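Colleague: Can you walk me through the charged contacts in this one? Keep it quick.
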Amino acid sequence: MGVSGWRDETRSDLRDAEDRIVALIAGISGDPTEEQVHSIWRAYLDVEKSVVFIKVEIDEENPG
């Protein structure tokens, strides 16, 4: 992955997380299915990974 690779990957991950969350908001009624729970965790992981990439890029580890 090149210097801009993490940016492209982050953009893609965040788009995927947004799509998952939008679909979940529209689709969850009552207790989530196993597939919906998996999708929730996948969205969380995509966002968390993106935050780590950004923190490494700006060389910042302290919460603001």
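Modeller: Start with D46 and R42, whose side chains meet in a salt bridge, 3.2 Å from N to O. A salt bridge here is a side-chain nitrogen of Lys or Arg within 4 Å of a carboxyl oxygen of Asp or Glu. This is a predicted model: local features need pLDDT of at least 70, side-chain atom pairs count only at pLDDT 80 or more, and totals for chains, interfaces and linings use all residues. Residues are numbered from 1 along each chain as its sequence is written, and side-chain values use heavy atoms, leaving out hydrogens and water.

Colleague: How far apart are D46 and R42 in helix α2?
Modeller: They sit 4 residues apart, about one helical turn. Helices are DSSP runs (H or I, at least four residues), numbered from the N terminus.

Colleague: Is D46 buried or exposed?
Modeller: D46 is buried, at 2% relative accessible area. R42 is partly exposed, at 36%. Buried means under 20%, exposed over 50%, partly exposed in between (1.4 Å probe, protein chains only).

Colleague: Which residues join into one network?
Modeller: E9, D13 and K49, through salt bridges that share partners.

Colleague: How many salt bridges does the structure hold?
Modeller: It holds 6. One of them pairs R11 with D8, closest N and O atoms 2.9 Å apart. Both lie in helix α1 (residues 5-27), 3 residues apart.

Colleague: What about D16?
Modeller: D16 forms a salt bridge with R20, at 3.0 Å between the closest N and O atoms. Those two are 4 residues apart in helix α1. D16 is partly exposed at 27%, and R20 is partly exposed at 24%.
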